[in-house]
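Dear colleague,

I am passing on a structure that I would like you to look at before we talk. My notes on what was found in it follow below.

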Amino acid sequence: MKRFPVTLRAKAPAKINLSLDLLGKRDDGYHDLRSVMASISLYDDLHIMLRPCKAGRGLFTAQAAGVRKGNLTSLAVKLFMEAAGARGWSAHVRVEKRIPLSAGLGGGSSDAAAVLRALDKWAAVQTAVRRPDLQELALKLGSDVPYCLRGGVCLAEGRGERLTPLPPLPECWIVLSVPAINVSTVRMFQLFDLSGRREGDNVFETVNPHPEVGEIKQVLLQAGASKALMSGSGPSVFGIFDDETQAADAVQTLKPIFPKTFLTVPV
Ligand code: C5P
């Protein structure tokens with residue numbers, strides 16, 4: 001006898017951009033990019049509860065502290081269930097959020113990708129459910145979602161969907177610090193278009209107006225980071241350390257000023 005709801009669990013890692021270049025604006029309004037992305041050990045935990053319902057009456061809801069209703073996770077469930085032809089199911093996703101929001105760490109995209117992966121595993125053991133093309137669904141959800149489906153270290157091109165896997169990073173520690181600033185990704189693309197500047201390892205850094213980014217970079221480099229860079233459209237900044245003690249010291253220095261500071265490793 002089956003018990004309901006069925007609960008699926010999934011982990012969604014944050015990503016950082018080790019490099020990010022924009023090659024130009026496309027006819028569809030997006031930008032062609034070239035970015036090396038890596039996943040790190042800062043995770044959201046997802047609990048996906050599935051319950052049978054009358055065919056066509058499925059409700060797809062999600063709840064996560066600080067995330068407005070109608071977020072990407074519930075949309076991911078809806079798109080998957082429609083594409084899978086699973087008409088007799090409702091789903092509720094509860095997200096234990098640890099990845100800071102709108103920080104350039106791909107938290108929302110990674111949550112959506114984790115939903116697709118978990119539902120795909122579930123669909124594999126259902127008789128009346130198809131297994132849709134996850135990459136296609138991922139790109140419908142957002143430009144970073146195809147990368148998040150795969151994870152690890154990848155070169156992302158096109159809108160973000162053309163992925164080339166790269167070797168894993170050597171052993172290192174990644175300190176991540178997120179200043180309490182609101183950054184709009186769309187606004188950062190607009191600022192880039194206006195400036196047209198393509199300098200540095202992350203082109204968004206040159207158009208970022210927040211001094212905190214430079215301040216955190218300086219602390220990380222002084223603490224011994226071999227590289228320090230803003231991630232994505234910011235405002236999070238990461239530093240890569242060969243030495244764990246130096247990384248832990250950097251966390252101690254930054255945490256009193258920027259409470260959202262984390263010590264992570266590549267995953
Ligand atoms: O794909 P996603 O919904 O995450 O993109 C959010 C916004 O970021 C887009 O509406 C667009 O303004 C910008 N974007 C872009 N080029 C990309 C990815 C995102 O211009 N390759």
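This is a predicted model: local features need pLDDT of at least 70, side-chain atom pairs count only at pLDDT 80 or more; totals for chains, interfaces and linings use all residues.

Pro 235 has its place in the loop between strand E8 (227-230) and strand E9 (237-241), where helices (H or I, at least four residues) and strands (E, at least two) are DSSP runs numbered from the N terminus. The peptide bond that joins Gly 234 and Pro 235 is cis, with an omega of about 5 degrees.

Residues are numbered from 1 along each chain as its sequence is written, and side-chain values use heavy atoms, with hydrogens and water left out.

Turning to the ligand, the space that it takes is the largest pocket, by the rule that a molecule sits in a cavity or pocket if more than half of its atoms lie within 2 Å of its grid points. On a 1 Å grid over the protein atoms alone, a pocket is an open set of points with protein on both sides within 12 Å along at least five of seven lines, a cavity is a set of points where a 1.4 Å probe fits but cannot get out, and lining residues have an atom within 4 Å of a point. The largest pocket has a volume of about 1400 Å³, a volume being the space filled by probe spheres set on the points, which are joined across faces, edges and corners. Its lining consists of 47 residues, of which Leu 72, Gly 108, Ser 109, Asp 144 and Thr 185 are the closest to its centre. Among the elements that give two or more residues to this lining are helix H1 (72-84), helix H2 (107-124) and helix H5 (185-195), and H5 gives the most, with five residues.

The ligand is surrounded by Gly 29, Tyr 30, His 31, Leu 33, Gly 142, Ser 143, Arg 159, Val 186 and Phe 189, each having a heavy atom within 4 Å of it. For polar contacts (pairs of N or O atoms within 3.5 Å), a polar side-chain atom of His 31 lies 2.7 Å from an oxygen atom of the ligand, and one of Ser 143 lies 2.5 Å from an oxygen atom of the ligand. A polar backbone atom of Arg 159 is 3.0 Å from a nitrogen atom of the ligand. The ligand exposes 450 Å² when taken alone, and the protein buries 71% of that, with accessible areas from the Shrake-Rupley method and a 1.4 Å probe.

Finally, the count comes to one cavity of 30 Å³ or more. The largest cavity has a volume of about 30 Å³ and is lined by Pro 13, Ala 14, Lys 15, Ser 39, Ser 110, Tyr 147, Cys 148 and Gly 151. E1 provides the largest share of this lining, three residues.

With best wishes

Methods: A polar contact is a pair of N or O atoms within 3.5 Å; within protein, one must be able to donate a hydrogen and the other to accept it, and residues adjacent in sequence count only if both atoms are side-chain atoms.
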